[in-house]
Structures are given as C-alpha cells and as structure tokens.
Amino acid sequence: MEAKILVVDDEPEIREVLVRFLSAPGYVVMAAADGPEALALALVDISMPGVSGLELLAELKRLSPGMPVVLMTAYPSPETKAAGLEHGDCGYLVKPFTRAEVLAAVELGLREAEAVRGEDLLLDLQAGRVMRGDEEVCLTRLEFDLLAYLVRNAGRVVGYDELLREVWGYADDAGSYELMRMAVSRLRDKIGENVARPRYIECVRGVGYRLVRER
C-alpha cells in the first residue's frame with residue numbers, strides 16, 4: 001500500500017520543496033497551507049497562522065491516535081520539542097533542512113506507524129514479524145492480515161463489517177461473523193492476550209475491535 005502524506009506549511013516555497021522531496025521516492029503527496037485545510041497529515045509546521053501545528057497535532061491524535069506526525073519549525077527550542085513529544089509527534093525537523101533529513105524523518109514515522117510495542121510484544125508489520133520477548137509468534141496469513149489491519153487503524157474501533165470486507169473480503173452474514181470471532185480468539189491466544197484484561201485487542205461489544213497502542 002502506497003504511503004499517503006499531507007504536507008502542511010504556510011510557506012508556498014517550503015510546500016513545493018517538500019512535495020518534490022517526498023514525491024521522488026514514490027509517496028503520494030498532497031499539500032495544505034494551514035491547519036483548517038488539513039484533516040490528516042504527516043508533516044506539520046509548528047508556527048502556522050490560525051491553528052498552530054501543536055494544536056493541529058493534538059486534534060489529529062485525538063481523531064486518529066496511530067497517525068504518524070513529523071513537526072517542522074524554524075525556531076527550535078527545548079520547550080517546543082518537549083511540547084511536540086507530549087502531544088505525540090514521532091519526528092522533529094528544523095528549517096532549513098536537507099532532502100535526506102526529510103526522507104529520514106518520514107521513513108522513521110512510517111516505521112513507527114507499522115509497529116506496536118507492548119510489555120512483552122513487538123508487532124513489526126514492515127518486517128513481517130511478531131515477537132513475544134525473544135520468540136517469534138507464528139501466525140497464519142489470515143491472522144497476520146487481521147493484526148496488520150488493526151495495527152494500521154490503532155486507536156479507533158474497527159467495525160465487524162469493515163473487518164469482514166477488508167480482511168476476509170466477505171459480505172456480512174452470520175457465518176462470516178462467527179469465523180471472524182474465532183480468528184480473533186486464536187490471534188489473542190497466540191499473542192498471549194488476557195481477554196478479561198486486554199492489553200492489545202479490545203472488543204467493543206456489538207461494534208467491533210480496537211487495537212490499543214502501548215508506548
């Protein structure tokens with residue numbers, strides 16, 4: 001799946017440079033001039049007019065906790081960096097920056113979005129591995145695809161119908177729901193999930209499942 005990146009910056013020249021940098025490796029890149037124009041993003045300018053980058057970051061993390069965000073600023077300070085970390089950014093760029101710095105920050109953010117680490121569990125979807133401590137967890141292709149979809153939508157409830165459509169490719173029917181329930185149960189067993197006190201996969205009764213990111 002191609003990574004989609006929305007660059008948000010109030011300077012047209014910066015937006016143009018970032019779009020050029022990020023389009024070259026094959027990312028799908030869009031650009032917005034300010035916070036209100038941006039409903040999702042990967043790069044945010046801290047000092048935008050109207051809605052600041054930190055305010056936009058906080059709102060995006062509220063709407064989509066698993067979204068990777070890289071902050072940009074021309075006025076670095078320990079306070080702004082600390083504020084970004086507190087709000088959940090995964091990278092920090094200081095203007096002026098090089099193409100290599102931009103790509104490294106974005107690639108790190110995408111890797112961050114593809115991995116979830118818990119107390120004894122590491123889900124690295126880019127590497128295609130699920131680890132419990134030092135041991136690899138053996139999953140079927142369906143179980144891996146199910147886990148991958150939950151990870152990519154971490155923090156939000158994924159509905160039963162959506163899981164059936166996106167992971168199984170089935171229409172909704174009683175038999176399909178039972179297959180999904182059994183697959184989730186097997187996956188939970190393999191990753192050592194305590195159903196009574198879930199650390200990773202929560203069941204929202206009557207709605208769907210949510211993967212909880214433990215950082």
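Leaving aside neighbours within four places in sequence, G208 is in contact (heavy atoms within 4.5 Å) with V157, V158, G159, Y160, E202 and C203. The model is predicted, with pLDDT of at least 70 needed for local features and 80 or more for side-chain atom pairs, whereas totals for chains, interfaces and linings use all residues. Residues are numbered from 1 along each chain as its sequence is written, and side-chain values use heavy atoms, without hydrogens and water.

G208 lies in strand β12; strands (E, at least two residues) and helices (H or I, at least four) are DSSP runs numbered from the N terminus. The relative accessibility of G208 is 0%, and this residue therefore counts as buried, a term that denotes under 20% relative accessible area, with exposed over 50% and partly exposed in between (1.4 Å probe, protein chains only). G208 is the bridge partner of G159, and 2 bridges join strand β10 to strand β12 (residues 208–211), the two running antiparallel. Strands are taken to pair if DSSP finds at least two bridges between them.

These strands belong to an open sheet of 3 strands, in the order β10-β12-β11 and with antiparallel pairing. Its edge strands, β10 (158–159) and β11 (201–204), each pair on one side only. Helix α5 (residues 141–152) lies across β10, β11 and β12 and runs at about 70° to β12; axes are lines fitted to C-alpha atoms, for helices over the stretch in contact, and angles run from 0 to 180 degrees between N-to-C directions.

Helix α6 spans residues 160–168, and its buried residues are Y160, E162, L163, L164, V167 and W168.

P96 is found in the loop between β5 (91–94) and α4 (99–113). Most peptide bonds are trans, and most residues other than glycine have a negative phi.

Over the whole chain there are 7 helices and 12 strands, and 43% of the 215 residues count as buried. Among contacts between residues at least 6 apart in sequence, 52% join residues at least 24 apart. The chain exposes about 11600 Å², of which carbon and sulfur atoms supply 53%; accessible areas come from the Shrake-Rupley method with a 1.4 Å probe, and for residues only the protein chains shown count as cover.
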